[in-house]
Amino acid sequence: MRSNPGLFTFLIVILTPVWVWSQDHPHPALESTAARVILRDPQETKSPLGSRQPETRADKHYPTFDENTGSFVPPEPGAASVDSVVQPLPEYSELANDDEARFGGQFSTDSSQFDIGLNLYSAPPFKGGLIVFGPNVALKIGGFVKADFIYDFNPIDSTDSFVTTSIPVDAPPRTNSRFHARQSRLSFDTRWLSDDRLVRIYVEGDFFSEDDQFRLRQAFGEVGPLLVGRTWTTFTDVAAAPATLDFEGSVSNVNRRQAQARWTQIIFHEDLKLALAVEDTQFIIDAPTGITGEARNPSPDFVGHLRLDRERAQIQVASLFRIAGFQPTGQPVITKSAWGLNFTGVFLVTETTKVYSQILFGEGIGSYRDLPDAAPTAVDQGGLLPMFGWMVGATHNWNESLSSNFTYAQNDLGTTAFQNPNDVDQTTYLSANIIWSPLERVKVGVEYLYGTRKNVNGAMGDAHRLQASFIFDLP
């Protein structure tokens with residue numbers, strides 16, 4: 001890797017003003033109290049006894065209209081005050097504890113107990129900031145603005161996220177710089193009471209799409225054990241997701257969101273939960289040379305997981321069954337059964353340190369990592385591809401405003417000699433970062449990324465990236 005003094009000078013220039021400014025603005029204590037907006041009627045005033053009484057026109061001096069002259073007559077000097085023409089501002093009061101408790105129920109998508117370091121996967125907590133209230137309903141508006149400053153030391157075709165499968169092999173040397181804010185996000189978390197049951201709707205979107213258009217990330221409803229809509233697949237574990245500034249994440253992490261109907265139930269013990277889901281399916285199939293056709297979806301994905309939640313640990317095993325289909329042109333659909341297992345674990349080593357791990361394997365599940373599910377196994381035949389991936393990582397809070405994360409992952413696809421020699425066979429991913437919060441809801445981070453790609457023919461390529469990110473969280 002070649003040195004580049006200009007790049008590091010640039011990073012110092014953009015980070016130094018933030019550090020200097022933060023010294024003059026100490027980090028305030030985090031507030032967990034939400035605010036309720038109370039709008040007062042401008043025609044109300046306080047009586048001597050402290051209660052509010054409606055005003056009459058006689059209580060204030062206003063300009064009057066003289067019908068004889070056809071003009072307005074101003075009030076007597078000194079009669080009008082600033083209060084007579086200035087609209088009152090909204091008043092704010094702290095949210096009562098019982099109100100916060102009414103809408104702060106536990107849902108299947110929560111993983112707050114493992115919130116150490118950066119978490120860009122979970123929904124914002126339903127407390128703090130500004131929450132809009134109505135009769136038996138509350139709305140939390142969340143999200144963040146995230147600006148990424150990226151510098152690549154080596155060729156890579158994915159400039160906005162570190163996708164290791166896009167690392168070219170034997171490409172001429174080049175560098176690349178990229179600034180964008182496409183990961184900025186907006187979410188709406190609405191909750192209400194219906195027959196003493198808490199109902200939730202969550203909608204979330206970002207701009208990580210073609211032409212930076214706003215796109216749907218999640219949209220689901222929850223009531224009791226039932227979840228219906230689009231969210232993270234039941235096959236993954238959000239609590240074990242790596243705390244990276246990079247949008248892509250590790251090469252083995254299952255970061256797919258899809259439409260589903262999920263039922264989550266406590267079994268045997270309150271710490272043990274079983275989730276069963278029927279989910280949308282999609283396949284990536286590489287047909288043998290000379291054979292044309294289309295991938296088909298004969299059935300949905302059937303997914304389940306068993307999760308053990310303890311005070312300092314969470315262990316999950318997830319399983320997947322699906323039927324892959326391919327229809328050659330003019331012929332019936334060919335089907336094969338695919339399966340997968342995903343083992344994840346998160347452990348709180350101390351109050352400020354967590355470690356996480358993952359082991360993923362199966363056949364015909366490559367599309368969960370944007371890889372082929374099936375590929376040629378002979379000149380005129382195809383079959384499901386096996387996949388094996390693993391990941392380890394650790395996140396540590398150095399103090400209240402400083403954290404860091406380390407992640408390493410590897411993914412192997414059981415390719416065959418009948419595939420294109422330039423198809424991906426193996427990828428690795430390494431990230432290390434440090435994130436500083438100089439002010440409440442403001443984060444500045446720097447991350448180093450390294451990845452490799454190995455093709456079916458054994459050729460390899462690698463890439464080094466440095467990324468700086470600025471994050472402004474909505475209250």
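Me: Where does R465 lie?
Reply: R465 is in strand 27 (residues 460-473). Strands here are DSSP runs of E with at least two residues, and they're numbered from the N terminus. By the way, this is a predicted model: local features need pLDDT of at least 70 and side-chain atom pairs count only at pLDDT 80 or more, while totals for chains, interfaces and linings use all residues. Residues are numbered from 1 along each chain as its sequence is written, and side-chain values use heavy atoms, with hydrogens and water left out.

Me: Is R465 buried or exposed?
Reply: R465 counts as buried, because its relative accessibility is 0%. Buried means under 20% relative accessible area, exposed means over 50%, and partly exposed is in between (1.4 Å probe, protein chains only).

Me: Which side chain does the side chain of R465 make a polar contact with?
Reply: That of D152, at 2.6 Å. A polar atom of the R465 side chain also lies 3.4 Å from the backbone oxygen of S161. A polar contact is a pair of N or O atoms within 3.5 Å; within protein, one must be able to donate a hydrogen and the other to accept it, and residues adjacent in sequence count only if both atoms are side-chain atoms.

Me: Switching to rings, how many aromatic pairs are there?
Reply: The count comes to 13 aromatic pairs. Rings of Phe, Tyr and Trp (its six-membered ring) pair if their centres lie within 6.5 Å; planes under 30 degrees apart are stacked, over 60 edge-to-face, and the rest tilted. Take Y202 and F220: their ring centres are 5.6 Å apart with planes at 40°, so the pair is tilted.

Me: Which strands are Y202 and F220 in?
Reply: Y202 is in strand 11 (residues 197-206) and F220 in strand 12 (residues 215-223), so the pair links distant parts of the chain, 18 residues apart. Both Y202 and F220 are buried.

Me: And which residues form an aromatic cluster?
Reply: F149, F179 and F470 form one.

Me: OK, pockets. How many residues line the second largest pocket?
Reply: It's lined by 37 residues, and F247, E248, N255, R369 and D370 lie nearest its centre. A pocket, on a 1 Å grid over the protein atoms alone, is an open set of points where a 1.4 Å probe fits, with protein on both sides within 12 Å along at least five of seven lines; lining residues have an atom within 4 Å of a point.

How values were computed: Helix = DSSP H or I, 4+ residues; strand = E, 2+ residues; numbered from the N terminus.
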